[in-house]
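The following exercises are to be worked with the sequence and the model side by side. Each task is followed by its solution in steps.

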Amino acid sequence: MPELRAGGRTRPVEFAPRIQALLDRHLGSPLFRLEPDTVGLAGPDLMNGVLAARPANAAERPTFKPVRGRLVDRTDAAAFMQAVGGDVRAALQRTCGPVPDLSGTWPHVAHTYLRDLVFGDESLRFRVLVDRRLELTPKITWSAVASGAAFLRPPRRDVPLSRLAALVLGSTSYADRRHAMYLYRRVAAPVCFTVSALVTNALWLGAPFADDVPDRNVILEALRLLPPSWNILRVASPEFAAVDPRIRADDDVLLLPLLSHRDPGLWEDPAEFAPERWDGLDSETHPGYLPFGPASERCWGRHMVLPLAERLLTIVRESGLRVSPHQTRAKVELDGLLEIAELRMVRGSGN
């Protein structure tokens with residue numbers, strides 16, 4: 001079980017077997033074959049070459065891949081991202097009330113807090129779309145979307161309406177409303193999923209943090225060691241063979257920030273959780289650092305994820321919340337996001 005060091009402490013992380021196998025077999029390797037028809041990449045130049053070879057196609061865009069065969073055009077994608085971005089900014093500008101009690105099992109507690117912070121004024125038909133339990137199966141998600149679209153009613157005039165919800169309510173047919181509600185889920189839920197995973201990871205990796213360490217540095221370092229978006233898939237394409245002859249025209253390519261973020265050739269003390277390293281590094285240009293994808297296709301969500309993560313981390317640090325002293329190890333499952341599965345956060349001397 002790998003141990004990550006932070007401030008003289010060690011924090012064991014038990015990875016799912018397939019993730020651990022990647023770390024054991026391929027850490028430090030720029031290119032390797034994962035399957036007969038799949039090549040893995042972790043070298044910065046190779047990753048940049050593949051990403052620059054062609055734009056991501058419709059199926060490779062995680063948030064805006066086709067919805068049940070219906071393409072999501074870039075106009076709709078931009079509209080939904082701008083809407084949720086506006087809703088996040090509005091939530092961050094609200095005056096903070098009493099410090100919330102965020103003790104309990106993370107990332108669930110953190111996800112619920114973020115959902116209520118950004119989407120707490122929405123009707124139940126919308127709020128359910130941000131629920132973590134919808135991740136259990138696509139059938140549950142589609143059922144919630146279809147029923148919500150069928151029974152959705154405009155809110156009363158005195159009920160605040162988010163920009164995201166307004167896009168859904170502006171649909172003129174049931175099919176369009178259902179499509180829009182699915183996109184609501186696609187853009188709203190990942191904000192809460194990603195931020196809650198990121199801050200949970202940061203707390204396990206390094207808490208308690210020194211008072212002089214900025215929240216942004218903590219977040220950047222957590223993104224390095226446990227990036228929630230830990231791989232980028234590009235399906236087979238003839239352009240990739242020109243990047244490196246070891247990539248065949250029929251090879252899918254899996255780019256792995258999980259590995260490049262820990263490559264000893266790119267990082268000093270790569271297993272050390274050291275937020276102070278970011279005092280002298282540029283997160284936008286450091287080789288192999290791709291927590292939000294490449295510069296040419298940088299995830300729009302980073303402008304929401306980073307401020308929300310800093311807000312959440314500030315609350316934890318100011319409230320005295322801490323990792324339970326009785327928790328001695330943590331697991332990372334093979335799920336969509338790379339996250340500590342269950343972290344017990346307690347107040348004061350609690351267990």
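**Exercise 1: Helix 1 and its end**

Task: Determine which residue just after helix 1 takes a positive phi, and list the buried residues of helix 1.

Solution. Helices (H or I, at least four residues) and strands (E, at least two) are DSSP runs, numbered from the N terminus. Within helix 1 (residues 17–26), the buried residues (under 20% relative accessible area, with exposed over 50% and partly exposed in between; 1.4 Å probe, protein chains only) are Ile19, Gln20, Ala21, Leu22, Leu23 and His26.

The model is predicted: local features need pLDDT of at least 70, side-chain atom pairs count only at pLDDT 80 or more, and totals for chains, interfaces and linings use all residues. Residues are numbered from 1 along each chain as its sequence is written, and side-chain values use heavy atoms, with hydrogens and water left out.

**Exercise 2: Confidence**

Task: State which element has the lowest mean pLDDT.

Solution. pLDDT is the predictor's confidence in each residue, from 0 to 100. The protein chain has a mean of 90, and 93% of its residues reach 70 or more. Where pLDDT is low, the predicted coordinates should not be read in detail.

**Exercise 3: Histidine 111**

Task: Decide whether histidine 111 is buried or exposed, and name its contacts beyond four places in sequence.

Solution. Histidine 111 belongs to helix 4 (residues 108–119). Its relative accessibility is 2%, so histidine 111 counts as buried. Leaving aside neighbours within four places in sequence, histidine 111 is in contact (heavy atoms within 4.5 Å) with Val130, Asp131, Arg132, Ala189, Cys192, Phe193 and Ser196.
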